[in-house]
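Please read them with the sequence and the structure open beside you.

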Amino acid sequence: IGKVVGGDGDNVLGGYLDMEGTRRSLNPEVRSAMPGRMENIIKGACLMTDTTYEMNWLPVYWNYVPNQTLRYRAFEIAKELGSPALNPTDTKGTGSSDIGNVSWVAPSMNLYTFYDFGGHTEENVANGNTDKARFAMVDGSRIFSQIAYDCITDKDFLEAVKAEFRA
């Protein structure tokens with residue numbers, strides 16, 4: 001849950017409650033079951049307090065399925081460029097997001113370069129306009145551009161990416 005707002009004071013049942021957030025899971029079956037479970041929790045709370053509820057669901061973000069062939073190539077390119085990068089076997093970035101939805105219909109990858117202040121943090125936002133962040137964005141652009149070039153010019157590489165995706 002991302003945010004819960006309700007009522008006008010502490011320890012007082014308010015006339016309303018707004019709850020916002022995302023439902024995330026690496027497991028598609030669990031993710032599919034979440035709406036029913038969440039609604040049951042809310043129903044139970046409303047029964048206990050003799051209140052009503054209304055639910056509005058936003059689009060779901062699926063879990064991210066990284067293409068390891070693309071990831072390993074990205075780390076090879078990073079080494080060639082002298083760009084610091086994370087270990088390609090690192091599971092970082094496997095959560096659900098909009099790229100997760102894309103990764104189920106096309107080979108996809110996230111790239112984490114040396115600029116990393118820790119995901120969804122104030123520190124990450126505050127450092128987003130530093131030289132370190134700018135260099136990381138430039139490195140990331142160079143790495144993605146090289147991968148695109150490799151997909152166009154190296155048929156074996158492209159077939160390996162596609163084969164992994166189909167598997």
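1. The structure holds zero disulfides, a disulfide being a pair of cysteine sulfur atoms within 2.5 Å. Of the cysteines, Cys46 counts as buried because its relative accessibility is 10%, whereas Cys151, at 21%, counts as partly exposed. Here buried means under 20% relative accessible area, exposed over 50%, and partly exposed in between, with a 1.4 Å probe and protein chains only.

2. Please bear in mind that this is a predicted model, in which local features need pLDDT of at least 70 and side-chain atom pairs count only at pLDDT 80 or more, while totals for chains, interfaces and linings use all residues. Residues are numbered from 1 along each chain as its sequence is written, and side-chain values use heavy atoms, with hydrogens and water left out.

3. The secondary structure comes to six helices and two strands, arranged along the sequence in the pattern β-β-α-α-α-α-α-α. Helices (H or I, at least four residues) and strands (E, at least two) are DSSP runs, numbered from the N terminus. The chain has 167 residues, of which 25% are buried. Among contacts with a separation of 6 or more, 56% are between residues 24 or more positions apart, where contact means heavy atoms within 4.5 Å.

4. Which residues form the largest nonpolar core? This core has 11 residues, namely Tyr64, Leu70, Ala74, Ile77, Ala78, Met109, Leu111, Ile143, Ile147, Phe157 and Val161. Such a core is a set of buried Ala, Val, Leu, Ile, Met, Phe, Trp, Tyr and Cys residues joined through side-chain atoms within 4.5 Å. Two or more residues are given to this core by each of helix 2 (68–81), helix 5 (131–153) and helix 6 (155–166), and the largest share, four residues, comes from helix 2.

5. Met109, a member of that core, lies in the loop between helix 3 (98–103) and helix 4 (122–126), and it counts as buried because its relative accessibility is 9%. Leaving aside neighbours within four places in sequence, Met109 is in contact with Tyr64, Leu70, Arg71, Ala74, Phe144 and Ile147. Met109 and Phe144 are 35 residues apart in sequence, and their C-alpha atoms are 9.9 Å apart in space.

6. The axes of helix 5 and helix 6 come within 5 Å and cross at roughly 105°, which makes helix 5 roughly perpendicular to helix 6. Axes are lines fitted to C-alpha atoms, for helices over the stretch in contact, and angles run from 0 to 180 degrees between N-to-C directions. Ile147, Asp150, Cys151 and Thr153 of helix 5 make the contact with Lys155, Phe157 and Leu158 of helix 6. These residues divide into four nonpolar, one polar and two charged; Ala, Val, Leu, Ile, Met, Phe, Trp, Tyr, Cys and Pro count as nonpolar, Asp, Glu, Lys and Arg as charged, and the others, Gly among them, as polar.

7. Helix 2 and helix 6 pack at about 140°, with their axes 8 Å apart, and are therefore oblique to each other. Angles under 35 degrees count as roughly parallel, over 145 as roughly antiparallel, 65 to 115 as roughly perpendicular and the rest as oblique. In this pair, Gln68, Thr69, Leu70 and Arg73 of helix 2 meet Phe157, Ala160, Val161 and Glu164 of helix 6.

8. Asp50, in the loop between helix 1 (28–49) and helix 2, has a positive phi of about 55° although it is not a glycine. At 72% relative accessibility, Asp50 counts as exposed.
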